[in-house]
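Hello,

As promised, I am handing over the structure that you asked to look at, and my notes on it follow below. Please keep it open while you read.

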Amino acid sequence: MAKRLNVGVIGCGFMGRTHSNALRRVNNFFTLEYHPVLKAICALEEESKLKAFADQWGYESYETDWHALIARDDIDQIEICTPNVTHKEIAIAAAAAGKNIICEKPMAMNVAEAEEMCAAVEKAGVPNMISFNYRRVPAISLAKQLIDEGRVGRPFHYRATYLQDWTISTDVPQGGDALWRLDAKVAGSGVTGDLLAHSIDTAEWLNGPIQRVTAKTEIFVKQRKHVETGKVEPVTIDDACMFLAVFENGSMGTFESTRYARGRKNFNTFELNGSAGSVHFDLEDPQYLDYFKYLDPKSGEKIEDHVTGWQRIHVTNFEHPYMDHWWVPGCTIGYEHTFVHGLADFLKGLETGTHTQPDFRSGWRTQKVCDAVLASAKTGQWIDIG
Ligand code: SOE
C-alpha cells in the first residue's frame, strides 16, 4: 500500500526546480512504498510568481515564510533549496519539528554550522540527507562499483577538476537572486563550497578520507557591483582554488576549481590511477565511464599488452547502476535524473529503515575539508583534517 509523504520544498530557483522534478517523477520510475505529495512550495518571492511556480509544478499550496511551512502538521518532509546562509536555521527548526530533511549542498556556511546541524538532526532522530547529486550519476556509481570490486587496485593518484566560466566578465554583479553565489555573506565561500564540495564528496566516497591538504585560492575580479546595495564592493569569495591532498590510503590528490576556465561550463572530472587499473569521468560526457584495465581482477593476471587500452563504457545497460529503471540499453539519461536517484534512495531508506548517504554527518565531514582548504589558502600551510 502506498504511503503518502507530504513534502514542502523551500526555494524555487535552480535547485527548487531539480527537487520538484524529482518529487514528481520518482514514483513513475521507481517502485517505492512512499509516494511524495507536492504539498507546498515556499519562497520569498512575489506571490504571483510563487503561485505560478506552484501551478507549473503541481504544488497544492504555497507559503512565503518557511517558519509557517515547518509549523504545518501536514508536512512530513522539508527540502532545503535556498542560499547557503539560510540552511542552518531552517534545518535546525525542521529537525526540532520532527521533519525528514533533504538539504542542498554545501551543507552550511562553515564547519561550526555543519556540526550544529548534524547534532540537531541526530538528536531529533530524523532521516536526513545532503543533496550531493553527482554520486547518483550512473557512471560515477559504476566507478564506485569497479573500485570496490578491486579493479583499480592500490590507489596512487586522484585528480579532480571542477571548472566553469560564467563569472569572467567584470560586469557580473554580486548578490541578489541568481548571483548570491558570488556574495560571501550568503554563500560562505566561492568555488570551494559551491563546486569543490561536490569534488570532495565524490573523492572521499570513491577513495576514502582525505588526511591533509594545502591550498591556494585567487580572486581575479576584486570588486563587483552589489545588486542589493547598488555599490561597487570588494569580492570576498574565492574565484578559483587549487589544493593538494594526501588521502588516508596513502594516495595523492590534486583538486582544481574555477569559474574562469573559458569554454568550460560544468566540467566536473575525476581520474583515479591504481596498480590494477584506472577510471576517468567527465560530467560533460556523463553517460561514459573510461576504464583502463591492467590486471584482471579475478585471475590477478596482467592483460596481454596487445589488447590493453582505455575502454569507454557506455553506462546505459540494465546492469549499470540505476539504469534498469529507465529506458533500454543505449538510451541515455541526464542531469535531472541524478536528483530522482537521490530521492529514490532516500525514500527506499525510509522504507527499509536504513540511513541513506550522504547524510548530515557526511556533509559535515565535507565541510571540514572545505574549511581546511580555505584556512590553508590563508597561510599556505598543510592542514590535517582530523
Ligand atoms: C554553480 O554554477 C552550480 O549551479 C552549483 O551550485 C551546482 O551545485 C553544480 O552542480 C552546478 O553548478
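**The sheet**

Strand E15 (residues 288-293) and strand E16 pair in the antiparallel sense over five bridges, where helices (H or I, at least four residues) and strands (E, at least two) are DSSP runs numbered from the N terminus, and two strands pair if DSSP finds at least two bridges between them. Within this pair, Tyr-288 has His-314 of E16 as its bridge partner. Before going on, please note that this is a predicted model, in which local features need pLDDT of at least 70 and side-chain atom pairs count only at pLDDT 80 or more, while totals for chains, interfaces and linings use all residues. Residues are numbered from 1 along each chain as its sequence is written.

E15 and E16 belong to an open sheet of nine strands with mixed pairing, in the order E16-E15-E14-E13-E7-E12-E11-E8-E17. Its edge strands, each pairing on one side only, are E16 (310-314) and E17 (383-384). As background, strands of a sheet pair through backbone hydrogen bonds, either parallel or antiparallel.

Further along the order, strand E13 (residues 267-274) is joined to strand E7 (residues 155-163) by eight bridges, and the two run antiparallel; here Tyr-158 has Leu-272 of E13 as its bridge partner. E13 and E14 form a hairpin, with two residues between them. The covered face of E13 carries Asn-268, Phe-270, Leu-272 and Gly-274, whereas Phe-267, Thr-269, Glu-271 and Asn-273 are on the uncovered one.

Helix H10 (residues 360-379) lies across strand E8 (210-218), strand E11 (240-247) and E17, and it runs at about 50° to E8 (axes are lines fitted to C-alpha atoms, for helices over the stretch in contact, and angles run from 0 to 180 degrees between N-to-C directions).

Which residues of helix H4 (residues 87-96) are buried? They are His-87, Lys-88, Ile-90, Ala-91, Ala-94 and Ala-95, where buried means that 20 or more other C-beta atoms, placed from the backbone, lie within 10 Å of the residue's own, with exposed standing for 12 or fewer and partly exposed for what is in between. Their cover includes strand E1 (3-10), helix H3 (66-71), strand E4 (77-80), strand E5 (100-103) and helix H5. H4 is followed by Gly-98, whose phi is positive, near 80°.

E5 pairs with E4 in the parallel sense over four bridges, and Ile-78 has Ile-101 of E5 as its bridge partner. From E5, Asn-100 and Ile-102 point one way and Ile-101 and Cys-103 the other way, and all are buried.

**The two domains**

The domain assignment, which is automatic or from a database, gives domain 1 (3-131) and domain 2 (134-379). The contact between them takes 33 residues from domain 1 and 34 residues from domain 2, two residues being in contact if their C-beta atoms, placed from the backbone, lie within 7 Å. On the domain 1 side, helix H1 (14-29), helix H5 (111-124) and strand E6 (128-130) each supply at least two residues, and the largest share, eight residues, comes from H1.

Best wishes
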